[in-house]
Amino acid sequence: TGTDARMTPATLKTERLTLRCPSHDDADGLVAVLNDERISQWLSRVPYPYAREDAIRWIAIATDNWQRDTAYPFNAFEGDNLIGGIGITRVSDTDGVFGYWLSPAKWRQGYGREMMQAVLEFGFETCGFTCFTAGIHPDNERSGGLLTACGFTSIGDQVYLHPPRNYELKGPHFQLTRDEYRENQGKGSAS
């Protein structure tokens with residue numbers, strides 16, 4: 001990997017989900033789910049209201065990012081239903097920034113953790129990242145809980161890669177290294 005390589009968009013499968021690169025067929029599903037202020041209030045780059053033009057623009061950016069090996073966005077589907085999005089933005093050859101969103105209809109049902117585990121595995125083991133960070137909106141305690149449940153630890157207030165709307169340039173951040181991830185996986189599989 002690295003910025004000179006071309007990454008082929010991956011499809012990841014979990015027990016309940018299929019995660020794949022956004023495609024033009026996803027536009028209506030993106031609008032249906034992201035046109036919800038309960039999601040957009042926590043995100044820096046998702047406008048509200050969310051229109052079809054926003055979805056088309058995002059799909060083009062997502063495709064380009066995969067081709068340039070600069071970010072790896074996934075849409076998450078349960079069957080044919082788009083329920084979330086998750087991705088990694090490459091900030092160096094070894095470091096990435098994690099971002100995600102989930103339909104409110106799927107909150108508190110383990111879908112966020114399921115998406116995150118699949119993309120962590122992809123990022124650490126396929127892409128070769130050694131460290132991920134994630135910044136959250138200062139009031140989004142659920143997101144901090146999800147990150148912690150997936151092995152991330154708080155590293156305090158840091159400068160955001162993409163600041164949340166109407167907030168400072170710094171806020172709560174979390175970090176997970178590949179070594180910590182692998183150690184957590186070993187602990188999780190031992191009984």
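I began with helix H4 and listed its buried residues, which are Tyr 111, Gly 112, Glu 114, Met 115, Met 116, Ala 118, Val 119, Leu 120, Phe 122, Gly 123 and Phe 124; buried means under 20% relative accessible area, with a 1.4 Å probe and protein chains only. Helices here are DSSP runs of H or I with at least four residues, and strands are runs of E with at least two, numbered from the N terminus.

I noted that this is a predicted model, in which local features need pLDDT of at least 70 and side-chain atom pairs count only at pLDDT 80 or more, while totals for chains, interfaces and linings use all residues. Residues are numbered from 1 along each chain as its sequence is written, and side-chain values use heavy atoms, leaving out hydrogens and water.

Next I looked up the span of H4: its 16 residues (111–126) reach 22 Å from first C-alpha to last, close to the 22 Å expected at 1.5 Å a residue, the expected span being 1.5 Å times one less than the number of residues. After H4 comes Gly 128, with a positive phi near 80°.

I then turned to Asn 75, which is in strand E3 (residues 71–78) and is buried, with a relative accessible area of 2%. Leaving aside residues up to four places away in sequence, Asn 75 touches several residues, including Thr 18, Pro 22, Leu 30 and Gly 84, where contact means heavy atoms within 4.5 Å.

Last, I found Thr 70 in the loop between helix H3 (52–68) and E3. Thr 70 and Ile 88 are 18 residues apart in sequence, and their C-alpha atoms are 8.6 Å apart in space.

Technical notes: Buried < 20%, exposed > 50% of the residue type's maximum accessible area, 1.4 Å probe, protein only.
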